[in-house]
Amino acid sequence: MKMTFRWFGEKDDSVTLSQIRQIPGVSGIVGALYDVPVGEVWPLDEILALKKQANDAGLSFEVVESVNVHEDIKLGAPTRDRYIENYRRCIRNLAKAGVKVICYNFMPVFDWLRSDLAMPLPDGSTAMAYSNETVKKLTPAKLAEQVADTSNGFVLPGWEPDRLAELRGVLEQYQNIDREKLAENLRYFLEAIMPVCEETGVKMAIHPDDPPWPLFGLPRIVCNGEDLEAIVDMVDSPCNCLTLCSGSLGSNPENDIPALVRRFGARKKIAFAHVRNVKFCGERSFHESAHLSSCGSLDLYEIMKAYYDVGFDGYVRPDHGRMIWGEKARPGYGLYDRALGAAYLNGLWEAICKEEAGRR
Ligand SMILES: [Mn+2]
């Protein structure tokens with residue numbers, strides 16, 4: 001298990017590389033080039049500069065989150081081949097810089113979605129939350145506005161202004177896209193990029209839909225075990241893998257996360273593990289919590305035990321944290337609570353390893 005930490009770059013993150021370097025057990029960053037427009041090729045020199053920054057700080061850079069998939073690819077538009085070719089070139093450039101895993105998602109229009117970016121918790125911290133009642137009353141445009149207003153001044157990935165400016169047009173384009181069509185477009189994309197992945201050894205790791213249910217009538221195809229199975233079986237390649245995000249999938253109580261880890265870990269399909277906790281608070285409603293099992297609805301010990309049992313040796317990172325100790329940071333991505341999360345996951349892992357070693 002290689003513990004990593006997401007970093008948004010020098011210009012756009014309140015957290016520094018030297019702070020990340022001091023979190024015990026964290027050996028690398030998960031990064032991206034955030035100023036390259038979706039659909040364009042990431043320049044090799046810029047990727048190498050990011051890698052050098054990380055390496056100079058004593059951290060590796062082997063995981064990218066995310067290379068976003070252009071909307072035309074998801075829509076299956078006639079222009080998709082140009083964007084797919086760019087994606088292939090991007091994979092090659094990332095491979096040249098030593099990147100091993102690319103996290104991506106295939107969510108129409110909206111990346112992750114929350115109704116509240118700073119819900120107060122009883123201990124005085126705040127966390128991101130999703131209330132079905134609230135979202136039902138909002139239009140996509142209203143929700144986008146609300147996210148922009150409450151993001152502490154950061155532009156959140158998936159919620160870039162240029163993307164939101166085209167919101168209405170894009171939503172209309174999806175009117176003829178159902179689940180089957182969207183899945184077919186994913187298959188087309190994967191078939192086109194897998195040869196490059198196999199040649200370069202780069203694994204594509206799809207992130208589950210967040211939250212894992214349909215929104216505003218848009219189709220969703222990465223919501224549960226059945227969906228994940230359909231995707232890994234869609235194109236048979238060792239590079240067609242998953243980012244198993246416990247918090248995203250775990251927002252639906254019907255998703256048994258340890259069982260999913262065992263099911264796909266045994267097939268070596270989990271390239272990247274996002275591990276965090278959520279607390280259920282009603283039908284399709286939840287808030288994010290501290291990583292500890294006792295703070296949320298998921299059993300993090302059972303999740304880490306499942307990773308151990310399948311011999312997981314991929315990349316892991318603590319996922320969203322709460323905002324604590326007065327920190328002002330990108331919602332979900334402050335330093336303190338994620339560092340506590342990493343320490344906790346490392347603690348669970350050490351205990352599981354020693355317990356199992358004693359058994360043998
Ligand atoms: Mn995640």
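Reader: Why is L33 called partly exposed?

Author: Happy to start there, with the reminder that this is a predicted model. L33 has 17 other C-beta atoms within 10 Å.

Reader: Where is L33 found, and what does L33 touch?

Author: L33 is in the loop that lies between β2 (28–31) and α2 (44–56). Leaving aside residues up to four places away in sequence, L33 touches W42, E46, I47 and L50. L33 and E65 are 32 residues apart in sequence, and their C-alpha atoms are 9.2 Å apart in space.

Reader: What makes α4 roughly parallel to α9?

Author: The angle decides it. Helix α4 (residues 80–96) packs against α9 at about 20°, and the two axes are 10 Å apart. Angles under 35 degrees count as roughly parallel, and about 20° meets that cut-off, so α4 is roughly parallel to α9. The crossing of these two helices is right-handed.

Reader: Which residues in α4 meet which residues in α9?

Author: On the α4 side they are I84, Y87, R88, I91, R92 and A95, and they meet F189, A192, I193, V196, C197 and T200 of α9. By class, this contact has nine nonpolar, one polar and two charged residues.

Reader: How do α9 and α10 pack?

Author: Helix α9 (residues 179–200) meets helix α10 (residues 225–234) at an angle of about 35°, with 10 Å between the axes. This crossing, too, is right-handed. A183, L186, R187 and L190 of α9 make the contact with A230, I231 and M234 of α10. The class count for α9 with α10 is six nonpolar, no polar and one charged. Arg counts as charged, so R187 belongs to that class.

Reader: What is the class make-up of the contact of α13 with α14?

Author: In α13, the residues are L300, Y301, M304, K305 and Y308; in α14, they are L345, L348, W349, I352, C353 and E356. They divide into nine nonpolar, no polar and two charged. Lys and Glu count as charged, so K305 and E356 fall in that class.

Reader: What is the order of the eight strands of the barrel?

Author: The barrel closes in the order β1-β2-β3-β4-β7-β8-β9-β12, with parallel pairing. Its neighbouring strands are turned by 30° against each other on average, direction ignored. α14 packs on this sheet, where it touches β1, β9 (270–275) and β12 (315–318), and its direction makes about 130° with that of β12.

Reader: How do you know that β1 pairs with β2 and with β12?

Author: A pair needs at least two bridges. Strand β1 (residues 2–6) has three with β2, and two bridges join β1 to β12, so both pairs meet the cut-off. T4 stands opposite G28 in β2, while K2 stands opposite Y315 in β12. β1 is also mostly covered, four of its five residues being buried.

Reader: What makes β5 and β10 the edge strands of the open sheet?

Author: The open sheet has four strands in the order β5-β6-β11-β10, paired antiparallel. β5 and β10 (278–280) each pair on one side only. β5 (residues 116–120) is joined to β6 (residues 126–130) by three bridges, and D116 stands opposite A129 in β6. A129 also stands opposite H287 in β11, where two bridges join β6 to β11 (residues 286–288). Between β5 and β6 the hairpin has five residues, and G124 takes a positive phi near 95°.

Key
Residues numbered from 1 in each chain as written. Predicted model: local features only at pLDDT ≥ 70, side-chain atom pairs only at ≥ 80, totals over all residues. Contact = placed C-beta atoms within 7 Å. Buried ≥ 20, exposed ≤ 12 C-beta atoms within 10 Å, placed from the backbone. Axes fitted to C-alpha atoms, helices over the stretch in contact; angles between N-to-C directions. Left-handed = near helix turned anticlockwise from the far one by under 90°. Parallel < 35°, antiparallel > 145°, perpendicular 65-115°, else oblique.
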